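Here is a short briefing on one structure. Keep the sequence and the 3D view open as you read.

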Amino acid sequence: MDHPVAVTQASFLWVIPALPLAGAVVNALLGWKLQRALGRRAVHAIAVAAVVASFLVALLFFTRMLGLGAEERTLHERLWNLFTAGRLSADLAFSLDPLSMALVLVITGIGALIHVFSIGYMADEPAYWRFFCYLNLFVFAMLLLVMGDNFVVMFFGWEGVGLASYLLIAFWYTDPQKAAAGMKAFVVNRIGDFGFLLGLLLLFWALGGAWTPRPAALRNLEYQPVPELGAFAAATDAAQAEALAPLVEGVKVGPTLSFRELRDQIAVEATGVRARLDGATIWGLPVLALVGILLFVGAMGKSAQLPLYVWLPDAMAGPTPVSALIHAATMVTAGVYMVARLSFLFALSASAMGWVALVGALTAAFAASIGFFQYDIKKVLAYSTVSQLGFMFIGVGVGAYWAGTYHLVTHAFFKATLFLGSGSVILGCHHEQDMRKMGGLGQHMPITRWTYLVACIAIAGFPVANGFYSKDEILWKAFTSDHLALFGAPVPWLGPAIYLLGILTAIGTAFYMYRSYYMTFTGSYRGGAAGHDGHGVDAGHGDGHDRGHAHVPHESPWTITAVLAVLAVGSVLSLFLGLPTLWTGVAPAFERWLEPVVAEVHFREAAHGTEWLFQLFGVLAATVGWLSARALYKDGRSQVPARLKERFARAWNVVYQKYYVDELYDLVVVGPAVRLAGLLSWIDKRVVDGLVHLVGAIGRLVAELDGAIDRYLVDGAVNAVAFGTAGLGRSLRRIQTGHVQTYLYGALGGALVVVLLNFLIR
Amino acid sequence: MFTPGSILSWATFAPLAAAALVVLLVVLRPILRLSRRAVDDGARLLALAGSGLSLLAAIAAWRMFDGSTDQVQLVQHVTWIRAFNIEYFLGVDGLSISMVLLTGIISFVATIASMPWWSGARAAELAGMVEGGHQDPAHPHPQHFSVRAVPGYMALLLLLQTGMMGTFVALDMFLFYVFWEVMLLPMYFLIGIWGGPRKEYAAIKFFLYTLAGSVLMLLAIIGLYYNSAPAELAGGDTAAHTFNLVELARQGAAGQFERAAPILGFAFTKLAFVALFIGFAIKIPMFPFHTWLPDAHVEAPTPISVILAGVLLKMGPYGILRFNYPLLRDATQWAAGAIAVFGLINIVYAAFVCLAQKDLKRLIAYSSVSHMGFTLLGMAAMTPAGISGAVLNMFTHGLISPMLFLVAGVIYDRAHHREIERFGGLAQALPEYAAVVGLSFFASLGLPGLAGFISEFMVFSGAFPVFTTYTMVAAISVVITAAYYLWAIHRMFLGKLNPAYQGYPDLNWRERLSLYPLGAMVIVLGFYPQAVLSVIGNTLQTLIKGMSPL
Amino acid sequence: MAITLAHFLVVGALLFALGLVAVATRRNAVGVLMGVELVLNGANVNFVAFERYGAGGVAGQVFALFVIVLAAAEAAVGLAIVLALFQTSKSIDVRQADLLRE
């Protein structure tokens, strides 16, 4: 990859996301009227048609892409300039390359199937139109995410799916717990976004994002952008911004938000970007590793990795089709997609790769262990999803981008089957989700049972279905990777260690999946007596299913079973995309498909025999897990699980309570944040506003003082003159008696004084 | 009618003319033997006409404005008071044209929101809006502001609009100051007469705070005037000093004010900077001068909150960009670090304070404080993206926060309280309202695809290279903001419906007419922010040319 | 023993002093008026004596005559006032007459 990507301009790419958007808008504005006037049929017709049409258009572009040469399969369309300021410019532009094409097909294809499934599943929901509006909105946002040509459009989708997820988790918002789950999902995702944003900013900074010359007094001077990039440059529209960028070997050099341009700058050595990135440090840390890790924090949030996975199990509060579409097949894989999309960046930093893979492996093992002991069928699947996402991150972390992405695709198939199967079971058991109250459903719901079993086989990793091929490839690549690092220095044992965690998790995966299968479908039905325990808050969507016999499980309508069948078949057939080189001698189809767009990472060479052996290990792990689950849970006869539970009650409890991570979050994050908020609010009211009041009080005091001075000093002087004059008059008045003789005394006295003075002063 | 020379005068004085007509109507009432109701309705119509004309003129000015240059356009320039070299000088550049448009829009929306247009008797009764007084002891809440002393309200509202528009188009310092004060007084009365329970306190707090700011500003203006170099007046005469801001900017760039004599040993530019900055910072409002804002918002009637949040807060950053940046370039660079720190405090501190608020309007008011912090941070960075983001943030916040206050007013009109905890499950009773609140809250928390995101993103990316650590800390706000908004939605709208709110009427047409246009603009700007950026860009990039934080 | 100026002056001073005492102490308004006559005549003695022993002209005698005329006029006005006083307050006791206070 040392040459720029060849771009094929395409028109009407925007149609793919626009169709679901149109569906969402129509249902949002007119949905309730349509539903009232024309019935539910009108609502779901619009929604399903929108997604199916979108899928067909995507297929059209797929065929067109097949007709192009492998290196030219990047379709690009620019709609308009979003913003330009200085050299920072972003277009609303779409691009389809093999990677995003694969995702688009999964999203629209599986999305369409899940829309169809929802017709049956949500049949009794009063706010039917609202549900389909949100689903369409989700598909739109997800398509923006994968088709976005630059970070901004991707971020539009990134947050848009978060919004749709929030709306759908809290779909039955009258239940405060479900509403809270939606809130939790959004906020935890925002924590991830915080990391993502920082990573992005750091990346720009390292690329020469300092568009003005930096004065010497500033800190962070370890890295100086090349002079021609750092010079002040201003542009207010896209053309000007374009003109500012120097061209090196046909590659625009400079800060950019476009994936393709960024990749080209890094890929073409002559631009010098890669050399500068390699050497860049901030606060003494290598920028590239930091960028990778921060971007991965975003992926942690969206793709539910340790420690930000906590929202995903709670997200099961949403309707089951939502869990299947958003929280299994598509949205949660956005993080994986992002790492694969930015593979050219991650591949530059062994430390970033190491952390991604390590966190993925830890998450896989951790979530699987919680999955062992859950009784809520959807919770089992939720933890399983977290665990499988961990596998995907092992894949993209170690640099096996195609394998990680392939696992994304296979997982979309089998996990959608499992979730929709569980939805069918929940529907059949009248909204019961506790596996302890199920059992023996195989007789009542044959189609659901068989499809669920196929998906179990796939996820457990038997070579007859797709899961084996993706998981095995990931683990093999993990084992053979010796380039991973954690703190800058290579850590050769990291790859094998991750492999070990992975293979243990694989055993666990098979165990908990078969456990759920056996508990649900074998033995005898345990839910009859308990009956329909309500979920009363789901007003109107519960009661309608009780057609006739209230307490007997029943098979779901054809819209549901047909979808299950299609997905199960897909789970098997998609294995042909990933037949290993070892078997066929040629690279897997999917690897060849993605090869032009993902970065190349070199793995340790290993003998064919070893690879065969490791494939055997994979199958063995699945078998171990399957057999132990079979022994413990088949037909619900074995007493061993209960005894084990008693024996290790404390440990069991810790795991059953999900290691108290939620409580830890409350203690460490939520509690302090709320307390800090309270404190700052108090400060604001008492201290800051108190200061204001103090200033006010001082002002009043000064005024009072001023008044006092005015009253007593200034006015006092004036009054004193007046009062003095009056008093003098009063006292002088007394000597005026009116007696002539008294006056005479006065005159005589005066004369006497004059005479005396006359004598005295001489 | 709207010629380039007079367009800004139209935008500025149309509301004033309408206000005069309202007064005339009241004066002529005994002669014409009009009923009280007829006078009220007449005043309302005149207010709509006046602010509508102003909006039309603002839109026309926006259309006439050529965004490809950084020149002052649509100029009207005549000598006003020859003795003091004061001119009547109106004109707009990229910075002010965006604010002119915003003022026109928000003024009109606020006027719509002042109308007592209610569908259904129940709604009117709930709001305390039954015409002809409200003496019924069974309904203790006071009469709705939209039916209380209507002609006076409308006249003051129109006067306020003239003051705001004038502040943004005036290019003569003295004229600017006159408009600035003209805007202050009606605001005081509008809060103090038509406000809530603690209206006197809030109004006086607002008034004193702002007046303190204006005094500092006046001192700085006089100081700048006497330190300015001779300049030519509109008529061609030469004056010893000038109030002309364009000329002053030219002199500022040439270092005229650095040569001014120091005062008490402090450099004149720094003193003038600090005085101006504090004067404007009070308006933003910047920590620690922000505490008038929550009180004023909580007590102000809805349309006044709308204007306060939508336009008045923008005058702070506008003033800084109009005075401090071009006139006192060196001092601005010297102070940039401090501005960034204050911006950071605004962003993070206010966001946390929001998390603890129990009153919906108080929460929204603090979120305004938080969002205005982005503007401070962006302008302090002095990068193209930072400053464009800062001004775009003024514009988008000017669209979003009025929405927020409008939705707060909607529920207050019905429930007569705003305590978040006391609501619950409102989405069932008022679904349309819930959807609009969702839109406005998500816009405010910076959801991509809505207007708030791009400006935040641009501020972040513009400020990061300059203030790396500050920006990183500021980015925490994306989490906190989401938390407090979603928590508020959760407590107000989700969960079981509180039976007390059963049967409340959903949005009526008055509310729709004021909310939907704003909502539409928020969405359009979310996907096409370049519509504003392309207009403001050239001016701003010229403004910061050669500047960078020291 | 020749009669010198001093002898006349002593007589004049005695007259003056007796008159003054009468004016100051008499409660009867007519008595006061008579005291005034004594004072004036004391002065007349001095006028004449100074003229005879000092200046040697007739100015002193003329002054004395002038004073005698003046005293007659004064007595007439004074008695009229006393009369008016008696008619107002039925008493000629000067101690009770304090109308000048007003």
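Predicted model: local features only at pLDDT ≥ 70, side-chain atom pairs only at ≥ 80, totals over all residues.

The largest nonpolar core has 457 residues.

**Chains**
- Chain B and chain C have no contact with each other. Their closest C-alpha atoms are 60 Å apart.

**Nonpolar cores**
- In the largest nonpolar core, the residues with the most contacts inside it include Phe83(A), Leu96(A) and Val152(A). Tyr325(B), Phe442(B) and Phe493(B) are also among them.
- Helix α6 of chain A, residues 176-207, gives the most to this core: 19 residues.
- A second core is separate and has six residues. Among them are Ala29(C), Val32(C), Val82(C) and Val94(C).
- In soluble globular proteins, nonpolar side chains tend to be buried together.
- Phe83(A) is in contact with residues of chain A that lie beyond its neighbours within four places in sequence, including Leu88(A), Val152(A) and Leu257(A). Phe83(A) also contacts chain B, where Ile454(B), Phe457(B), Met458(B) and Leu533(B) are among its partners.

- Strand β2(A), residues 75-85, runs antiparallel to β3(A), and nine bridges join them.
- One of the bridge pairs is Ala85(A) with Leu88(A).
- Is strand β3(A), residues 88-96, enclosed or open? Nine of its nine residues are buried, so β3(A) is largely enclosed by the rest of the structure.
- In a regular strand, side chains alternate between the two faces of the sheet.
- Leu88(A), Ala90(A), Leu92(A), Phe94(A) and Leu96(A) point one way from β3(A). Ser89(A), Asp91(A), Ala93(A) and Ser95(A) point the other way.

**A nonpolar surface patch**
- A nonpolar patch on the surface includes Leu676(A), Trp682(A), Val687(A) and Ile698(A). Together, the residues of the patch have about 730 Å² of accessible area.
- Val687(A) sits in helix α29 of chain A, residues 661-733.
- Val687(A) counts as partly exposed because its relative accessibility is 38%, between the limits of 20% and 50%.

**A buried residue in chain B**
- Thr302(B) belongs to helix α11 of chain B, residues 302-327.
- Why is Thr302(B) called buried? Its relative accessible area is 10%, and buried means under 20%.
- Leaving aside neighbours within four places in sequence, Thr302(B) contacts Phe145(B), Lys361(B), Phe405(B), Leu406(B) and Gly409(B).

How values were computed
Residues numbered from 1 in each chain as written. Chains lettered and ligands numbered in written order. Heavy atoms only, no water. Core = buried A, V, L, I, M, F, W, Y, C linked by side-chain atoms within 4.5 Å. Buried < 20%, exposed > 50% of the residue type's maximum accessible area, 1.4 Å probe, protein only. Helix = DSSP H or I, 4+ residues; strand = E, 2+ residues; numbered from the N terminus. Contact = heavy atoms within 4.5 Å. Patch = residues over 30% accessible without salt bridge, like charges linked within 9 Å, V, L, I, M, F, W, Y side chains within 5 Å. Areas by Shrake-Rupley, 256 points an atom, 1.4 Å probe, with all protein chains shown as cover. Salt bridge = Lys/Arg side-chain N within 4 Å of Asp/Glu carboxyl O. Pairing = 2+ DSSP bridges.
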